[in-house]
Amino acid sequence: MAKNIERAKQFQRALWNAAGKEWEEKDFVESWINKPTVTQWDEWYEKGLVPVALCALCGDDNLRGAYHKSSGLRSEVPINLCKACYKKHYPYLFKSPLDQIIGFLSDYGCLILTLFIGFVLALLIICIIAAVFYLLKWILA
Ligand SMILES: [Zn+2]
């Protein structure tokens, strides 16, 4: 359905107030709501604040229905994000396999290249040593 930022703000304000904090407009940030810890979630749950059928960031009620696995008692907590916000926050889940390979290579390509060159050099050195030994054996025989 439609986005409703005010609804999202109200939801966040309720969570903050439950924690005994005063919510301000500047607190409407995206980072902390993303992955609540299990303790946080349990606290909110006890107080009846969660789960809610709206996105915590934009107020849209078309939720992604994703879960966040966390170490703790409760194994999984629902991520209160709509499809669009979820995609924005977890872009790596939406990459094609080719994009993932390219991303991996750009992150680790230098390391892989270094290891590969090292491997080739080591192989070359072993071959040279073997050849020298073979030649010596042939000359001395
Ligand atoms: Zn959203």
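Among contacts in the chain (heavy atoms within 4.5 Å) between residues at least 6 apart in sequence, 52% join residues at least 24 apart. The structure is a predicted model, in which local features need pLDDT of at least 70 and side-chain atom pairs count only at pLDDT 80 or more, whereas totals for chains, interfaces and linings use all residues. Residues are numbered from 1 along each chain as its sequence is written, and side-chain values use heavy atoms, with hydrogens and water left out. The chain holds 5 helices and 2 strands, taken as DSSP runs numbered from the N terminus (helices H or I, at least four residues; strands E, at least two), and these follow the pattern α-α-α-β-β-α-α along the sequence. Of the 141 residues in the chain, 24% are buried, where buried means under 20% relative accessible area, exposed over 50% and partly exposed in between, with a 1.4 Å probe and protein chains only.

Helix α1 has 14 residues and reaches 20 Å from its first C-alpha to its last, close to the 20 Å expected at 1.5 Å a residue, the expected span being 1.5 Å times one less than the number of residues. Ala8, Lys9, Phe11, Gln12, Leu15 and Trp16 are buried in α1; seen down the helix axis, the buried residues of α1 fall within an arc of 160° and so line one face of the helix, the arc being that of the directions from the axis to the C-beta atoms. Lys9, with a relative accessible area of 12%, is buried, and it touches Trp23, Glu25 and Phe28 when residues up to four places away in sequence are not counted. Lys9 and Glu24, 15 residues apart in sequence, are 9.4 Å apart in space from C-alpha to C-alpha. Just after α1, Gly20 takes a positive phi of about 80°.

The zinc ion is coordinated by the SG atoms of Cys55, Cys58, Cys82 and Cys85, at 2.2 to 2.3 Å; donors are N, O and S atoms within 2.8 Å of the metal (3.2 Å for Na, K and Ca), and water is not among the atoms, so sites may look incomplete. The 4 donor atoms subtend angles of 105 to 115° at the zinc ion, which makes the arrangement tetrahedral, a term applied to four donors if all angles lie between 85 and 135 degrees. In sequence, the donor residues are spaced C-x2-C-x23-C-x2-C, and both Cys55 and Cys58 are buried.

Methods: Tetrahedral: all angles 85-135°; square planar, octahedral: opposite > 155°, others 65-115°.
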